[in-house]
Amino acid sequence: MKGLKTVYICERCEYTSAKWLGKCPKCNAWNSFVEDVEESAPSSSAQKRTSVAYAGESHATAFSELEAPAYIRSATGLSELDRVLGGGLVAGSAVLISGEPGIGKSTLLLQICDTLGREKKVLYVSGEESGSQIKLRAERLKVLGSNLYILTETNIENILSEAKKIEPDVIIADSVQTMYSDIISSSPGSVSNVKEVALALIGKAKTEGISVILVGHVNKEGGIAGPKVLEHMVDAVLNFEGDKRQSYRIIRAQKNRFGSTNEIGVFEMTDVGLRQVANPSEMLLADRPTDISGNCAVCTIEGSRPIVAEIQALVTPTVFPAPRRTSNGIDYNRTCLILAVLEKRLGLKFSGSDVYLNVIGGLEIDEPASDLGIAMALISSLTDKKIPDSLIAIGEIGLAGECRGVSHVEQRVREAARLGFTDVLLPTHNAQSCPAVDGITVHPVKNIYDILKFLKGNN
Ligand code: TYD
Ligand code: MG
């Protein structure tokens, strides 16, 4: 087209270049350039003003007249999601939900339309599925929502004019990468289009008090496709994670202006949609193998909840010149650190073995309180000595091999007791301060030498 030229934009900082670059000269990000189209004539300020983002009316308010925010929150009908949002969907907020294709974003959002659509007007805009496809899915999910409106449209100007007619309280845009604006000449999904569409919807949320939920695709690196500023523009970024081959899904707040980012929501994908899992520990321990070496239970705190999970380690003689270390659900560097401590302090030889670590159920553990359990699972697999099934290990490991105290000890021990564990390994420091819990014997651990006696011999 005349007047258009191809440019390359850095997805991180929006630095524009006429040529593709491997490294951004502005923010130093590697491989962050995507192709876009720009109008060669500089857009006049008048044209800028017609941008949909500035369509809503706004005026400055004297600071003294500003009211302290009394957030109006609406329950979504899924308490697991409400908790991640900080207690429900806030009126006038913009939430971005990201996740891999097929993970269940559209399913989740359609399900919340049922509860939201009873008291509020909900406009579900889909740029990916037809009205009849959505209807079919809604019937399966038993979504009634008498106040639910479905719009299959990708042009943001049309979406906004339809929204003006319907006057919804909640707008769901599934997905922001499929939508485009007339004033941007590049294709849908390009950095400038994603930004413009998001700005328009966020502007509407802020000026009219509508809750806006945007669905964002992820790129091949796992980040949210589109400009990085998208994450700065919204009030909350929720990531929908999970292994598609398994039925469990975890929703986690990466950013939340209205609540904690530590909370997680756990769901299970069933043939009638997503089911909430109120007791993740029970779910994670459901298929727990018993009486086998290499397994150890740990307790991690996710937000306000203790979650018991099982670590599995497999240590086998290597056939590779450099032994393999694979960890699933546990930080790779943490794995290497624990292996190094075990080699140095206990003289255990892992250097001739491949090491595979896994957290059952697809949970990601990033709390050092699981170190002790990881170390035990590793030693158990290497030596082929079993860890009693009734035992759970809690504690952080330092570089000297010392076992360091952790927080929320009583909460963790109570959760372990609830699930039927009887023996808890605790750092000495925590063991002294932890109140007695019925049915639990606490074993203080000063350093990693102390854990060896809990491994049972070959039998
Ligand atoms: P979907 O919500 O469309 O994922 P996304 O919007 O994140 O791309 O669908 C997720 C998958 O879940 C899809 O492959 C089919 C499956 N599914 C079920 O197993 N049960 C159900 O009730 C529904 C609606 C979908
Ligand atoms: Mg979808």
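How many residues surround ligand 1, and which are the closest? In this predicted model, 16 residues surround ligand 1, and the closest are G102, S106, T107, T270 and G273.

**Polar contacts of ligand 1**

- The side chain of S106 places an N or O atom 2.6 Å from an oxygen atom of ligand 1.
- For T107, a polar side-chain atom lies 2.5 Å from an oxygen atom of ligand 1.
- R137 also has a polar side-chain atom close to the ligand, 3.0 Å from an oxygen atom of ligand 1.
- Ligand 1 taken alone exposes 560 Å², of which the protein buries 73%.

**The shell around ligand 1**

- Two or more residues of the shell come from each of α3 (105–119), α4 (131–140) and β13 (264–270).
- With three residues, α3 gives the most to the shell around ligand 1.
- By class, the shell around ligand 1 holds five nonpolar, six polar and five charged residues.

**The second largest pocket**

- At least two lining residues are supplied by each of β12 (248–256), β15 (295–302) and β18 (353–359).
- Of these strands, β15 provides the largest share of the pocket lining, three residues.
- The lining of the second largest pocket comprises eight nonpolar, 11 polar and 10 charged residues.
- Domain 2 (73–277) and domain 3 (283–457) each contribute at least three residues to the lining of the second largest pocket.

**Cavities**

- Three cavities of 30 Å³ or more are found in a search of the whole structure.
- Strand β12 accounts for the largest share of the lining of the largest cavity, three residues.
- Three nonpolar, four polar and two charged residues make up the lining of the largest cavity.
- The lining of the largest cavity draws at least three residues from each of domain 2 (73–277) and domain 3 (283–457).

- Strand β12 supplies at least two residues to the pocket lining and three residues to the lining of the largest cavity.

Conventions
Residues numbered from 1 in each chain as written. Chains lettered and ligands numbered in written order. Predicted model: local features only at pLDDT ≥ 70, side-chain atom pairs only at ≥ 80, totals over all residues. Heavy atoms only, no water. Near = heavy atom within 4 Å. Polar contact = N/O pair within 3.5 Å; in protein donor to acceptor, adjacent residues only side chain to side chain. Areas by Shrake-Rupley, 256 points an atom, 1.4 Å probe, with all protein chains shown as cover. Helix = DSSP H or I, 4+ residues; strand = E, 2+ residues; numbered from the N terminus. Nonpolar A, V, L, I, M, F, W, Y, C, P; charged D, E, K, R; others polar. Domains from an automatic or database assignment. 1 Å grid on protein atoms, 1.4 Å probe; cavity = no way out; pocket = protein on both sides within 12 Å on 5 of 7 lines; lining within 4 Å. Points joined across faces, edges and corners; volume = space filled by probe spheres on them.
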